[in-house]
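Please examine the structure shown below. The briefing that follows covers salt bridges, aromatic rings, helix packing and backbone angles.

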Amino acid sequence: MATSEQQNLVTGFFAKFLQDNREQLNQKFLLARQQYPQLESETFYQHLRTFIYPLANASAKNSPSKALEFAEKGYSLILYLLGKEFIGNNCKSFQVKKAWEQIFELGKPYIEREPYAICKALSNAILNLHFQYQKPLQAWLELLAAYPKNRTWQGFLNFGLVSSWRCGLAHYRESAENILQQLDKEELAILFSLSPSKLEKESFLQAVLEKPWLSPTKICQGRSNYNSLAIQTVGGFSGYGQEFSIPPQISLVEGHIIITSGANDYRLFADRYGTMLVKTDINSILQEDTNLVENTVEHYRIDKEGEITYKNLKKRFPELVSYQNAIEYQETLLITHPNSYFVYLIHPS
């Protein structure tokens, strides 16, 4: 709860916010402590002073209404993050603890202009990258740190999203496809670790979108060849903590890769930056005239001995002997086996 001593440690807009809403905020803190008994008031207000107070005051100079929204929701955000032990002394990950400190500093010029939208997006990215999907958080922070200065807050937000895709959140690929067109050559060069002088934006983006497994370096060099075929798996038996309760089935619905196991449907996203299953409802995709494809291969060739041919590449995969179904989509071959809880992805590399 907010004591008068704690409130005296802040000034300006945020101090007035705490004073004017003291009873309501104290009630919110008490309710949170019922849910998270480990919450300590001093630790909580220390984080308010560190993260919310300076940004709320800075934002108030531009837009008091946005600063008020940020103060209200920032108060709840700090309660949630401390309660879940995503920040603070009991934080489950030192990497995440440092990330919170870095991200508020990196995003400060943009948070001051659009505080709630930026903080919400950055918070979601940190939690998704590290805790939900175990993706490289530090690589994402390094991309944001390299973002050109004095750009718009919307540009920073968009760059954060495409950077999340670049760092492994494959389900952002569709959103990233639209945002990539809006990036300039300097931003694209940062995102893909390239030299701006060697980057032809139009042809480069066309190749990135059409060839999900081709490296950006090769694209810049004008090379479109692959060297070999690679295999990876998604899913696994639910008894071991994975997604599938029975061996999965695959289908292609309206350009979406759908994997079904028991009563559950998943949409698969996969490219050179990451692979991800996202729970979905196939009925929300199906329409009266929808063409549901369960077995189609156009450019790949596969025999019952597990030998796969793609253009000039050929390789045998013993685990695919006597496979069940195969579907091809955007340079990717998806295969199921009657005795496996995995879906196999074959792709050029």
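Glu 101 counts as partly exposed because its relative accessibility is 38%; the term covers values between buried, under 20% relative accessible area, and exposed, over 50%, with a 1.4 Å probe and protein chains only. The model is predicted: local features need pLDDT of at least 70, side-chain atom pairs count only at pLDDT 80 or more, and totals for chains, interfaces and linings use all residues. Residues are numbered from 1 along each chain as its sequence is written, and side-chain values use heavy atoms, with hydrogens and water left out.

**Salt bridges**

- The structure holds 12 salt bridges, each defined as a side-chain nitrogen of Lys or Arg within 4 Å of a carboxyl oxygen of Asp or Glu.
- Side chains of opposite charge can pair when their charged atoms come close.
- Glu 101 is joined to Lys 98 by one of these bridges, with the closest N and O atoms 3.4 Å apart.
- Both residues lie in helix 6 (residues 94-106), and because they are 3 residues apart there, about one helical turn separates them; helices are DSSP runs (H or I, at least four residues), strands are likewise DSSP runs (E, at least two), and both are numbered from the N terminus.
- Lys 98, with a relative accessible area of 33%, is partly exposed.
- A salt bridge also connects Glu 186 and Arg 151, whose closest N and O atoms are 3.0 Å apart.
- This pair links distant parts of the chain, 35 residues apart: Glu 186 belongs to helix 12 (residues 185-192), and Arg 151 to the loop between helix 9 (137-145) and helix 10 (153-166).
- Glu 186 is partly exposed at 40% relative accessibility, and Arg 151 is partly exposed with a relative accessible area of 21%.
- Arg 151 and Glu 186 also belong to a network of salt bridges that links them with Asp 184 and Glu 187.
- Lys 211 forms a salt bridge with Glu 331, the closest N and O atoms lying 3.4 Å apart.
- That bridge spans distant parts of the chain, 120 residues apart, with Lys 211 in the loop between helix 13 (201-210) and helix 14 (216-220) and Glu 331 in the loop between strand 10 (325-329) and strand 11 (332-336).

**Aromatic rings and charges over rings**

- A pair of aromatic rings is described by the distance of the centres and the angle of the planes.
- Rings of Phe, Tyr and Trp (its six-membered ring) pair if their centres lie within 6.5 Å; planes under 30 degrees apart count as stacked, over 60 as edge-to-face and the rest as tilted.
- By this rule there are 20 aromatic pairs.
- Phe 244 and Tyr 266 form an edge-to-face pair, because their ring centres are 5.6 Å apart and their planes stand at 70°.
- The two residues are 22 residues apart and link distant parts of the chain: Phe 244 is in the loop between strand 1 (229-235) and strand 2 (249-253), and Tyr 266 is in strand 4 (residues 264-271).
- Phe 244 is buried at 0% relative accessibility, and Tyr 266 is buried at 8%.
- The rings of Tyr 300 and Tyr 310 are stacked, because their centres are 4.3 Å apart and their planes at 25°.
- This pair joins strand 7 (residues 300-302), which holds Tyr 300, to strand 8 (residues 307-310), which holds Tyr 310; the two residues are 10 residues apart.
- Tyr 300 and Tyr 310 are both buried.
- Phe 29, Phe 44, Tyr 45 and Tyr 75 are linked into a cluster by ring pairs.
- The charged end of Lys 73 sits over the ring of Tyr 116, 4.3 Å from its centre; the criterion is NZ of Lys or CZ of Arg within 6 Å of the ring centre and within 35 degrees of the ring normal.
- Lys 304 likewise places its charged end over the ring of Tyr 323, 4.3 Å from the ring centre.

**Helix packing**

- Helix 3 (residues 22-35) packs against helix 5 (residues 64-83) at an angle of about 20°, with the axes 10 Å apart; axes are lines fitted to C-alpha atoms, for helices over the stretch in contact, and angles run from 0 to 180 degrees between N-to-C directions.
- That angle makes helix 3 roughly parallel to helix 5, a class for angles under 35 degrees, with over 145 counted as roughly antiparallel, 65 to 115 as roughly perpendicular and the rest as oblique.

**Positive phi angles**

- Most residues other than glycine have a negative phi.
- Ser 322 has a positive phi, near 60°, and lies in the loop between strand 9 (313-316) and strand 10.
- Ser 322 is partly exposed, with a relative accessible area of 42%.
- Glu 331 also has a positive phi, near 70°, and counts as buried at 9% relative accessibility.
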